Amino acid sequence: FKPVLLRDVVDACTYAVQEYDDMKIKVDVPSDLRVMADEVELQRVISNLVENARRYGKTPATGVADVTIQAQASDAAVLIKVRDHGAGVAAAMLSQLTKPFFRGDAARTSAAGAGLGLSIVAKNIERMGGTFALTSTPGRGFAAHIRMPRAMPPKPAAAPVKKT
């Protein structure tokens, strides 16, 4: 793993979906925030969560997925949240959603899929030294919470000592 600028990863993941009519994305991630991660795997994680929000997190009244991606530093960790404002899922189902091949209720499974996405996300986050959790408020939205090891910004190089 290496230090990765989180905002660059989020921007790469959201670039392709910015113009979709059925999705609005708000990003609140500091441009200098770094995590220790495998950049390719982190991009897959964020892309999967964004695509899940687009497929299953549409606000019932508008048919548009209103998605927020936030991140903030907390001591040695970075807390990342990807949230939609869709129908959500029942609390009893949350622990099942990261199990391979499990598919949620009809409100969040109107699109085709094998039920592997969140399982893969959880495994990749854990492999990178992070934690992954899901929360939901039925009728108000669904959120993925990621805690990743924080990478500190590089220290400036010391000025060379002049010999006199």
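First, the ground rules. This is a predicted model, in which local features need pLDDT of at least 70 and side-chain atom pairs count only at pLDDT 80 or more, while totals for chains, interfaces and linings use all residues. Residues are numbered from 1 along each chain as its sequence is written, and side-chain values use heavy atoms, with hydrogens and water left out.

Helices and strands here are DSSP runs numbered from the N terminus, helices being H or I with at least four residues and strands E with at least two. Axes are lines fitted to C-alpha atoms, for helices over the stretch in contact, and angles run from 0 to 180 degrees between N-to-C directions.

Start with helix H2, residues 39–56, against helix H3, residues 117–127: they pack at an angle of about 150°, and their axes are 10 Å apart. That makes H2 roughly antiparallel to H3 (angles under 35 degrees count as roughly parallel, over 145 as roughly antiparallel, 65 to 115 as roughly perpendicular, and the rest as oblique). The crossing of H2 past H3 is left-handed, meaning that the near helix is turned anticlockwise from the far one by less than a right angle; clockwise would be right-handed.

The axes of H1 and H2 come within 9 Å and cross at roughly 50°. H1 and H2 are therefore oblique to each other, and H1 passes H2 in a right-handed crossing. From H1, the residues Leu6, Val9, Ala12, Cys13 and Thr14 take part, meeting Glu39, Leu42, Gln43, Ile46, Ser47 and Val50 in H2.

Next, charged pairs. How many salt bridges does the structure hold? There are six, a salt bridge being a side-chain nitrogen of Lys or Arg within 4 Å of a carboxyl oxygen of Asp or Glu.

One of them joins Arg54 to Asp22, with the closest N and O atoms 3.2 Å apart. Arg54 lies in helix H2 and Asp22 in the loop between helix H1 (6–15) and strand S2 (23–28), so this pair ties together parts that are 32 residues apart in sequence.

Arg44 and Glu41 meet at 2.4 Å, N to O; both lie in helix H2, three residues apart, about one turn of the helix. Glu41 counts as buried because its relative accessibility is 13% (buried means under 20% relative accessible area, exposed over 50%, partly exposed in between, with a 1.4 Å probe and protein chains only).

Being four residues apart in helix H2, Glu51 and Arg55 are separated by about one helical turn. Both are partly exposed, Glu51 at 22% and Arg55 at 32%. Salt bridges that share partners join Asp22, Glu51, Arg54, Arg55 and Lys58 into one network.

Last, the loop residue. Asp75 is found between strand S5 (64–74) and strand S6 (77–84). Asp75 is not a glycine, yet has a positive phi of about 50°. At 70% relative accessibility, Asp75 counts as exposed.

Conventions
Contact = heavy atoms within 4.5 Å.
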